[in-house]
Amino acid sequence: MPKHEHQIHPEAAVAPGYLANHAARVFNRLVDADLRPHGLSLSLIGPIMLLSWKGPMLQRDLVRSSAVKQPAMVALLDKLEAMNMVQRSPSVTDGRAAMVELTREGHDAAARGRDALLAANAKGTAGFSSQEAAMMVQLFQRLIENFER
């Protein structure tokens, strides 16, 4: 039984949407706590992880590929550039567009971010069999599909 269940409305305690949201908030706190000593946060690591996965991208494609809107992404990239994690340069094909790429420090931050995300997921699935963990992933995927439909 969750230790905070007495604070949760009885209908929320068994509502998949509430539980998924609550799990996400706890997950975010764990990852942030792991990243904070390195001057990073979950929001800062988002674009870093995307660039690490996909390679250099136009700023507008970075916005399209993430859940972050344009103004917030510009603020994140400004901060990441000031931290020397990313570098922006004019696109060769479109001078008005900015190409964004990770610096050496950004690649190091991506590795830290990956470790923090994996550690938080491992903590969350501790005690689960591999079948239970796989089933949970499938159920969450279906839950998300249903919400998006």
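The conversation below sets computed values against the definitions of the terms used.

Colleague: What should I know before reading the values?

Modeller: This is a predicted model, in which local features need pLDDT of at least 70, side-chain atom pairs count only at pLDDT 80 or more, and totals for chains, interfaces and linings use all residues. Residues are numbered from 1 along each chain as its sequence is written, and side-chain values use heavy atoms, with hydrogens and water left out.

Colleague: How many helices and strands does the protein have, and what pattern do they follow?

Modeller: There are seven helices and three strands, in the sequence pattern α-α-α-β-α-α-β-β-α-α. Helices (H or I, at least four residues) and strands (E, at least two) are DSSP runs, numbered from the N terminus. The C-alpha atoms fill a box of roughly 55 × 35 × 30 Å along the principal axes.

Colleague: Why is H3 called roughly perpendicular to H6?

Modeller: Helix H3 (residues 42-54) and helix H6 (residues 104-124) pack at an angle of about 110°, with axes 9 Å apart. Axes are lines fitted to C-alpha atoms, for helices over the stretch in contact, and angles run from 0 to 180 degrees between N-to-C directions. Angles under 35 degrees count as roughly parallel, over 145 as roughly antiparallel, 65 to 115 as roughly perpendicular and the rest as oblique. The angle of about 110° therefore makes H3 roughly perpendicular to H6.

Colleague: Which residues make that contact, and how do they divide into nonpolar, polar and charged?

Modeller: H3 contributes Leu42, Ile45, Ile48, Met49 and Ser52, while H6 contributes Gly106, Ala109, Ala110, Gly113, Arg114 and Leu117. Contact means heavy atoms within 4.5 Å. Seven of these residues are nonpolar, three polar and one charged. For this division, Ala, Val, Leu, Ile, Met, Phe, Trp, Tyr, Cys and Pro count as nonpolar, Asp, Glu, Lys and Arg as charged, and the others, Gly among them, as polar.

Colleague: What makes H3 and H5 roughly perpendicular?

Modeller: H3 and H5 pack at an angle of about 85°, with axes 10 Å apart, and are therefore roughly perpendicular to each other. In this contact, Ser43, Leu44, Pro47 and Ile48 of H3 meet Met73, Leu76, Leu77, Lys79 and Leu80 of H5. The residues divide into seven nonpolar, one polar and one charged.

Colleague: What makes S1 and S2 edge strands?

Modeller: The three strands form an open antiparallel sheet in the order S1-S3-S2. Strand S1 (57-58) and strand S2 (86-90) each pair on one side only. H3 packs on this sheet, touching S1, S2 and S3, and its direction makes about 90° with that of S3.

Colleague: How do you know that S3 pairs with S2 and with S1?

Modeller: Two strands pair if DSSP finds at least two bridges between them. Five bridges join S2 to strand S3 (residues 98-102), and the two run antiparallel. Two bridges join S1 to S3, also antiparallel. Within S3, Glu101 is the bridge partner of Gln87, and Val100 is that of Met57.

Colleague: What is said of Asn84, by phi and by accessibility?

Modeller: Asn84, in the loop between helix H5 (70-82) and S2, has a positive phi of about 65° although it is not a glycine. Most residues other than glycine have a negative phi. With a relative accessibility of 38%, Asn84 counts as partly exposed.

Colleague: Where does Val137 lie, and how accessible is Val137?

Modeller: Val137 lies in helix H7 (residues 130-148). Its relative accessible area is 45%, so Val137 is partly exposed.

Key
Buried means under 20% relative accessible area, exposed over 50%, partly exposed in between (1.4 Å probe, protein chains only).
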